[in-house]
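Subject: Structure handover

Hello,

Here is the structure I promised to pass on. My notes on it follow below.

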Amino acid sequence: MKLWKTILAAAVLALAGSQAFAARTDLVIGITLEPPHLDPTAGAAAAIDEVLYANVFEGLTRIGPNGEVLPDLAESWAISDDGKVYTFKLHTGVKFHDGSDFDAGDVKFSLDRARADNSVNAQKALFASIDTVEVVDPTTVKVTLKNPQGSFLYNLGWGDAVIVAPESADTNKEKPIGTGPFKFQSWAKGSSITLVKSDTYWGAPVFLDKAEFRIVPDAAAAVPALLSGDIQAFPFFDPDSVAQVKDDPRFKVVIGSTEGETILAINNKKPPFDKLEVRQAIAFALDRKAIIDGASAGLGVPIGSHMSPASKAYVDLTGLYPHNVDKAKELLKQAGFENGIKATLKLPPPSYARLGGEIIASQLRDVGIDLEIIPVEWAQWLDQVFTKKDYDLTIVSHTEPNDIDIYSRKDYYFNYDNPAFDKIIAELNLTSDDAKRNTLLGEAQKILADDAVVGFLYELPKVGVWDAKLQGLWENAPIQANDLTKVKWAD
């Protein structure tokens, strides 16, 4: 009897010990902006992908933590000798979160939907080169392009190219249904979005059982939330708040790179900004160092055109428009505005925009451009600025990867039109050789800088702060995402 009691006691202690030291399986992540909806295929807001990319929705390919193209729902592919036909072999046994089967028909539906005349996809241009999408069999899809496109596999890794089912596509904005390792549980508007582990996931199981994305628009509230333990991670943390936590051993502070070109966007067809001299005056008026110091705690990397300094194709054009107040005034006089200009500056909620806007307004005032600052909410910015082009100037970070081609889009909110630039982008789309592509990208950057299309400011730093015991969050942000597929707590 004593032996039995001893064995039982040992078993109880062992069980208690294993429970006590078991790693956590829940996580609360802080995000600054609430998504306008939850469908990555129907909106431009980065906040959508920050919650759903790789977690709930998947594409044929995906972008990895170092910007590489990786297989996703497509386990492999073959490319024809002429570079126009891509044959994708799909994973088997994949199910959507509502229990329906994934197959080649869903791929055809998603790609045809994205490129349709009535498509609401914010990156519809990504699919413009597709000629036909054919279902060969349930696990094989053949995509024929109108012409070779060197970036096609990369484009399929964007959040805008995720695969959705025809049965649930129309309701994904409120109840997203994908094939990813996490499924949507709830959305408390204005508060949080909760994902839970999918028990039917086809791929490697994730470590977390539950992930809550807590919406914290006020940067001042982020630090108390971390210190109290209410939130364990801010993958995109306010740079100005880093000093308050960087010496606390409970946290990791990780500073990486992004694809976020932070710009003073200019409406190129709206007078007086349709004049090159006016846009060049703005470029000379900008003191990038002061803007970076004030809006990103000195962590941003200066840029002179629309390309990340982390890219092999990057050309440093920051010296084209050095800060020169006298030169700016001279250009305004040449353009006929020696008495100055009055304009508006619409600022979305992120601190880089609101803080940067105050600094830029002061700098432009010094050369004779008087700006009325108009704070707008994110939904207003998307409607007024991005969609209706109802603005003079605005500040925003374009966090989409390798997106220099946006300046060739005729309906894009910059209202920029340069046939020489368009020709380079067209050639780029036909080119797969990396060296040639980098040359073309260099030429494209030079044209944008010469035309002073926008005020190029800096590359948005990725400042992450999270619990020191947390592993697997991305250091860099090659795509707008908080990929949780490898995130876990240390044992």
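Start with Tyr413. Leaving aside neighbours within four places in sequence, Tyr413 is in contact (heavy atoms within 4.5 Å) with Ile263, Ala265, Trp381, Val385, Phe386, Lys389, Tyr391, Thr394, Val396 and His398.

Before more detail, the ground rules. This is a predicted model: local features need pLDDT of at least 70, side-chain atom pairs count only at pLDDT 80 or more, and totals for chains, interfaces and linings use all residues. Numbering runs from 1 along each chain as its sequence is written, and side-chain values use heavy atoms, with hydrogens and water left out.

Tyr413 also belongs to the largest nonpolar core, which has 101 residues. A nonpolar core is a set of buried Ala, Val, Leu, Ile, Met, Phe, Trp, Tyr and Cys residues joined through side-chain atoms within 4.5 Å. Buried means under 20% relative accessible area, with a 1.4 Å probe and protein chains only. Leu264, Leu364, Tyr407 and Phe414 are also among the residues with the most contacts inside this core. Another core lies apart from it, with 35 residues, among them Leu73 and Trp474.

Next, the sheet. Six strands form an open sheet in the order β14-β18-β13-β17-β15-β16, with mixed pairing. Strands (E, at least two residues) and helices (H or I, at least four) are DSSP runs, numbered from the N terminus. Two strands pair if DSSP finds at least two bridges between them. β14 (301-302) and β16 (369-375) stand at the edges with a single partner strand each, so one side of each has no neighbour in the sheet.

Look at β13 (residues 261-266). Six of its six residues are buried. Glu261, Ile263 and Ala265 point one way, and Thr262, Leu264 and Ile266 the other. β13 pairs with β17 (residues 393-398) in the antiparallel sense over six bridges. Ile263 has Val396 as its bridge partner there, and Thr262 stands opposite Ser397. With β18, β13 is again antiparallel, over four bridges. Here Glu261 partners Glu459.

Last, helix α5 (residues 219-228). Ala222, Val223, Ala225 and Leu226 are buried in it. Seen down the axis, the buried residues of α5 fall within an arc of 165° (taken from the directions from the axis to the C-beta atoms), so they line one face of the helix. Their cover includes β11 (233-234), β12 (251-256) and β19 (462-467). After α5 comes Gly229, with a positive phi near 85°.

Best wishes

Definitions and conventions: Buried means under 20% relative accessible area, exposed over 50%, partly exposed in between (1.4 Å probe, protein chains only).
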